[in-house]
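Colleague: I would like to learn how to read a model like this one, feature by feature. Where do we start?

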Amino acid sequence: LLECGGELHDKAVQDIIRMWPVGESARTNVRKDLNIAVHSDSIGLSRVKGQWYVTPIARHYPAFSAMLTEWGKRMAGLPRERSFTSISLNAFFDSPPHEDRGNYGPSWTRSFGAFEGGLLQVWSKIGTEGPSVLVDTQSACAVFDGNITHAVTRTSGWRWSIVYYTASQSWDAPPEMQNQLM
């Protein structure tokens, strides 16, 4: 799509994402039931136990990663230079209130599909005490602080979401990994 000089139209990108076999993830912060995995893929730069790595999807499917990156930058009106290091591609789940671990700065998200509900709920501070706002991420890209408590309300139907973020301390990753980033 990008190599042919094609423009990234929302419908074309969404059709490609719908065909993507989103894997099962062990992300415990977004699971209501720890016995049931959620469908979520991490793409880009990540860190486990202090070790940086470029995710297998980013390494093995660079065209898919580039498409998601360019689409995200266009949706959010971000500059062409790198504005985030990582992407979470999520499918078919709503999430309980949680804080993301290891994010730096704002996150951008967009959802799509044939579903009802699935609103992003963001609190004003860590914890669910106090006011929160509901945001429709299906009609437009939303910016939020993933380090503050947030959730996705009950969803029925087929909902996909993409979250773009910067991994905390990504500037400490080896330069050769930073150069592989989106």
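Modeller: We start with the inventory: the chain has four helices and 10 strands. Read from the N terminus, the order of elements is α-β-β-β-α-α-β-β-β-β-β-β-β-α. Keep in mind that this is a predicted model.

Colleague: What share of the 182 residues in the chain is buried?

Modeller: Buried residues account for 47% of them. The chain exposes about 9,700 Å², and carbon and sulfur atoms supply 53% of that area. As for contacts with a separation of 6 or more, 75% join residues 24 or more positions apart.

Colleague: How do I read the largest nonpolar core, and which members touch the most others?

Modeller: The general idea is that in soluble globular proteins, nonpolar side chains tend to be buried together. Here the largest nonpolar core has 28 residues, and Ile-17, Phe-64, Leu-68, Ile-162 and Tyr-164 touch the most other members. Elements that each supply at least two residues include α1 (10-19), β2 (38-48), α3 (62-76), β5 (103-117) and β10 (155-167). The most come from α3, which gives five residues. Another core, of five residues, lies apart from this one; among its members are Leu-120, Val-122, Phe-144 and Val-163.

Colleague: Take one of those members. What is Tyr-164 in contact with, beyond its neighbours within four places in sequence?

Modeller: Its contacts include Leu-68, Trp-71 and Met-75, as well as Phe-84, Ile-87, Pro-106 and Trp-108.

Colleague: Next, helices. Which residues of α1 are buried, and why do they count as being on the same side?

Modeller: To read a helix, ask where its buried residues point. In α1 the residues Val-13, Gln-14 and Ile-17 are buried. They are on the same side of α1 because they cover an arc of only 95 degrees around the axis. Lys-11 and Met-19, on the other side of α1, are exposed. The packing partners of the buried residues of α1 are α3, β4, β5 and β10.

Colleague: Now the strands. What does β2 pair with, and over how many bridges?

Modeller: For each pair, read the sense and the bridge count. β2 and β4 pair in the antiparallel sense over six bridges, with Ser-42 opposite Ser-88 in β4. β2 is also joined to β3 by four bridges, and these two strands run antiparallel. Within their hairpin there are two residues between the strands, and Lys-49 takes a positive phi near 50 degrees.

Colleague: How do I read the open sheet of three strands?

Modeller: Its strand order is β7-β6-β9, and the pairing is antiparallel. β7 (132-135) and β9 (150-152) stand at the edges with a single partner strand each, so one side of each has no neighbour in the sheet. From one strand to the next, the twist averages 20 degrees.

Colleague: And which residues stand opposite each other there?

Modeller: Four bridges join β6 to β7, where Val-133 is the bridge partner of Val-122. Strand β6 (residues 120-123) and β9 pair over three bridges: Leu-120 stands opposite Val-152, and Val-122 opposite His-150.

Colleague: What can be said about the faces of β6?

Modeller: In a regular strand the side chains alternate between the two faces of the sheet. For β6 both faces are covered: Leu-120 and Val-122 are buried on one side, and Gln-121 and Trp-123 are buried on the other. Leu-120 and Val-122 are also among the members of the core of five residues.

Note on methods:
Residues are numbered from 1 along each chain as its sequence is written. This is a predicted model: local features need pLDDT of at least 70, side-chain atom pairs count only at pLDDT 80 or more; totals for chains, interfaces and linings use all residues. Side-chain values use heavy atoms; hydrogens and water are left out. A nonpolar core is a set of buried Ala, Val, Leu, Ile, Met, Phe, Trp, Tyr and Cys residues joined through side-chain atoms within 4.5 Å. Buried means under 20% relative accessible area, exposed over 50%, partly exposed in between (1.4 Å probe, protein chains only). Contact means heavy atoms within 4.5 Å. The arc is that of the directions from the helix axis to the C-beta atoms. Two strands pair if DSSP finds at least two bridges between them. Axes are lines fitted to C-alpha atoms, for helices over the stretch in contact, and angles run from 0 to 180 degrees between N-to-C directions. Accessible areas come from the Shrake-Rupley method with a 1.4 Å probe; for residues, only the protein chains shown count as cover.
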